[in-house]
Amino acid sequence: MDESWEEADEYRDEKILSKILNLLGFESIDMGSFDNRLKYQKLIYLVQNSGLSLGYGYNWYVRGPYSPSLTQDLFEINRNNQIFESGKRLALQNEQEIAKRIETIKTLLGKNIENSVFLEVLASLIYLKKSSAKSDCASLKKRLLTLKPRLNQTSGIEEMLNEACKMLRSFGA
C-alpha cells in the first residue's frame with residue numbers, strides 16, 4: 001500500500017468530524033471545558049439522528065447519550081489543530097445537501113445550540129424515545145427526570161423539556 005496515501009487518510013474520521021463541527025459554526029475545538037465536551041457530544045448525536053451518519057455509536061451515560069469513540073476523536077483533534085484546519089477545507093460528497101441539513105439543525109436549535117443543558121435534555125429525550133415502548137412526551141419527560149434527578153434543580157427545566165419535546169420528530173425520533 002502507498003504510504004503517503006495511508007498517512008493522508010490517517011485522520012479521515014477526525015477530518016470529517018471537523019468539517020461537520022465547522023459547518024455547525026465552530027472555528028476550533030476546545031476540550032478544556034466540560035460544557036464544550038457535552039455540547040460536542042450532543043450536537044453530533046443530533047446530527048446523526050437527523051440522518052447524517054458519522055459512524056459514532058452511543059450508549060446511555062451520566063449526561064445522556066455518550067460516544068466514547070467520539071470523545072477519542074475530539075481529543076485527537078484538540079491535540080492536533082492541523083486536523084481541524086484540514087477538515088475545514090475537506091470537500092464532502094453531497095456537501096450542499098449536508099450543509100443544508102446542518103443549517104436546518106442550526107435553525108431548529110436557534111440560541112439553544114450554545115446551551116449544553118438544553119442539548120443534553122433534547123438528546124436524552126430522543127435516546128429514551130428510541131429505546132422505550134412509552135414514547136409520549138409526558139412519559140419521556142417523567143422518565144428523564146427520574147433517571148436524571150439533578151435536572152429538577154435546573155432553572156427553566158419545564159420550558160426546556162416542552163421545547164425539546166416539540167423538536168423530537170425533527171430529529172428523527
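Me: Buried means under 20% relative accessible area, exposed over 50%, and partly exposed in between, using a 1.4 Å probe and protein chains only. Is glutamate 120 buried or exposed?

Reply: Glutamate 120 is buried, at a relative accessible area of 0%. This is a predicted model, in which local features need pLDDT of at least 70 and side-chain atom pairs count only at pLDDT 80 or more, while totals for chains, interfaces and linings use all residues. Residues are numbered from 1 along each chain as its sequence is written, and side-chain values use heavy atoms, with hydrogens and water left out.

Me: Where is glutamate 120 found?

Reply: In helix α7. Helices here are DSSP runs of H or I with at least four residues, strands are runs of E with at least two, and both are numbered from the N terminus.

Me: And what does glutamate 120 touch?

Reply: Not counting residues up to four places away in sequence, Leu38, Lys42, Arg63, Lys148 and Arg150. A contact is heavy atoms within 4.5 Å.

Me: Which salt bridge does arginine 63 form?

Reply: Arginine 63 pairs with glutamate 120, and their closest N and O atoms are 3.4 Å apart. A salt bridge is a side-chain nitrogen of Lys or Arg within 4 Å of a carboxyl oxygen of Asp or Glu. Arginine 63 sits in the loop between β1 (59-61) and β2 (64-66) while glutamate 120 is in helix α7, so the pair ties together parts 57 residues apart in sequence. Arginine 63 is partly exposed, with a relative accessible area of 27%. Salt bridges that share partners join Arg63, Glu120, Lys148 and Arg150 into one network.

Me: How many salt bridges does the count come to?

Reply: The count comes to 13.

Me: What about glutamate 114, what does it form a salt bridge with?

Reply: With lysine 39, the closest N and O atoms being 3.0 Å apart. This pair also links distant parts of the chain: glutamate 114 is in the loop between α6 (95-109) and α7 (116-130), lysine 39 is in helix α3 (residues 34-49), and they are 75 residues apart. Lysine 39 is buried, with a relative accessible area of 6%.

Me: And aspartate 13, which residue does it bridge to?

Reply: Arginine 12, with the closest N and O atoms 3.3 Å apart. Aspartate 13 is partly exposed at a relative accessible area of 41%, and arginine 12 is partly exposed at 44%.

Me: Changing topic to helix packing. At roughly what angle do the axes of α2 and α4 cross?

Reply: The axes of helix α2 (residues 12-23) and helix α4 (residues 68-79) cross at roughly 85 degrees and come within 10 Å. That makes α2 roughly perpendicular to α4. For these terms, axes are lines fitted to C-alpha atoms, for helices over the stretch in contact, and angles run from 0 to 180 degrees between N-to-C directions. Angles under 35 degrees count as roughly parallel, over 145 as roughly antiparallel, 65 to 115 as roughly perpendicular, and the rest as oblique.

Me: Which residues meet there?

Reply: From α2, Asp13, Glu14, Leu17, Ser18 and Leu21; from α4, Leu70, Asp73, Leu74, Glu76 and Ile77. By class, the contact of α2 with α4 has 5 nonpolar, 1 polar and 4 charged residues. Nonpolar covers Ala, Val, Leu, Ile, Met, Phe, Trp, Tyr, Cys and Pro; charged covers Asp, Glu, Lys and Arg; the others, Gly among them, are polar.

Me: And α2 with α3, how do those axes cross?

Reply: At roughly 95 degrees, with the axes coming within 11 Å. The two helices are therefore roughly perpendicular to each other. Leu17, Ile20 and Leu21 of α2 make the contact with Tyr40, Ile44 and Val47 of α3. By class, this contact of α2 with α3 has 6 nonpolar, no polar and no charged residues.

Me: Is phenylalanine 84 buried or exposed?

Reply: Buried, at 0% relative accessibility. Phenylalanine 84 is in helix α5 (residues 81-88). Leaving aside neighbours within four places in sequence, phenylalanine 84 contacts Ser18, Leu21, Asn22, Phe26, Glu27, Ser28, Ile29 and Ile77.

Me: Last one, on confidence. What is the mean pLDDT?

Reply: The mean is 91, and 95% of the residues reach 70 or more; pLDDT is the predictor's confidence in each residue, from 0 to 100. Over residues 1-7 pLDDT stays under 50, and the model has 1 contact beyond four places in sequence for that stretch.
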